[in-house]
Amino acid sequence: MALLEIKNLKKVYTARFSNQQTEALSTVNFSVEKGEFVSIMGESGSGKTTLLNIISTLDEATGGEVYLDGKPLSNIKDKEISAFRRNTLGFVFQDFNLLDNFTIKDNILLPLVLSKTPVAEMEERLIPIVRKLGIEAHINKYPYEVSGGQKQRVAVARALITQPKIILADEPTGALDSKASQNLMEILKGINETGQTILMVTHSTRAASFSSRVLFIRDGSVYHEIYRGEQTSDEFMERISQSLTVLSSRGGKDE
Ligand SMILES: Nc1ncnc2c1ncn2[C@@H]1O[C@H](COP(=O)(O)OP(=O)(O)OP(=O)(O)O)[C@@H](O)[C@H]1O
């Protein structure tokens, strides 16, 4: 059984003050096996964030279903949804989403504090993660005292601390320079190699080349996928670029 299964997912937005409707997802079908690192690519407006928001339970689908470990997300009761999100999913966003008034350590531990984890266990989980991410020396600083790359590593630590079933990353390298992006992607790849499942939305072919599979989304559905297999990152990046070029030259909405 796949860890994550997306079946016939559909999303139509209806404008608040008119009947105007936008179909963001038409019929999305794919699954992610435990331990995979999957990237989702597609042009602006193709539905990537909508898809991630529905998988994250931040938004509701108009039709279809998302299953995690075989269980439909729509069955989760409203009062359980925050705890589900906190305990089961790890989030990494483009703009880090750290709390400015909390130290780095407190930012990382926040999900555990909210789920009332004993202090000794928090400390036990914290140290190996911050060591692995190279931010141990900064844990008593505040977010404004560290670089963008370090901030994103803090966000990854916060995502990992709950030992989530899946990490959902939305443009995690979007606000980083190329060196920090490379470093972050190497870290995410290393984390994936320890068995952590990752689903990442990205515009960057370089970032996507670190994953094991790339899904291409257009006009609200998945229309192509490629596997990394035995290819190096550079070879895979070349294939991703070729796929994007070929597929976009085959035409979009206007053809
Ligand atoms: N809250 C909303 N209300 C109405 N329409 C929306 C809403 N959010 C997104 N859309 C529309 O749904 C479509 C898909 O948007 P989405 O943000 O999912 O695309 P995206 O692929 O993530 O784009 P980008 O790469 O620019 O972030 C677009 O046409 C967008 O305008």
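**View 1. Helix α1 and the shell around the ligand.** Helix α1 gives the most residues to the shell around the ligand, three. Helices (H or I, at least four residues) and strands (E, at least two) are DSSP runs, numbered from the N terminus. This is a predicted model: local features need pLDDT of at least 70, side-chain atom pairs count only at pLDDT 80 or more, and totals for chains, interfaces and linings use all residues. Residues are numbered from 1 along each chain as its sequence is written. Both β2 (21–32) and α1 (48–55) supply at least two residues of the shell. Around the ligand lie Y13, T22, A24, G42, S44, G45, S46, G47, K48, T49 and T50; a residue counts as near if its C-beta atom, placed from the backbone, lies within 6 Å of the molecule.

**View 2. The largest nonpolar core.** This core has 63 residues, and V156, A157, L168 and L215 have the most contacts inside it. Helix α5 (residues 148–160) gives the most to the core, with six residues. A nonpolar core is a set of buried Ala, Val, Leu, Ile, Met, Phe, Trp, Tyr and Cys residues joined through C-beta atoms within 7 Å. Buried means that 20 or more other C-beta atoms, placed from the backbone, lie within 10 Å of the residue's own.

**View 3. L215 and its contacts.** Leaving aside residues up to four places away in sequence, L215 touches F30, V38, I40, V222 and E225. Two residues are in contact if their C-beta atoms, placed from the backbone, lie within 7 Å.

Definitions and conventions:
Buried ≥ 20, exposed ≤ 12 C-beta atoms within 10 Å, placed from the backbone.
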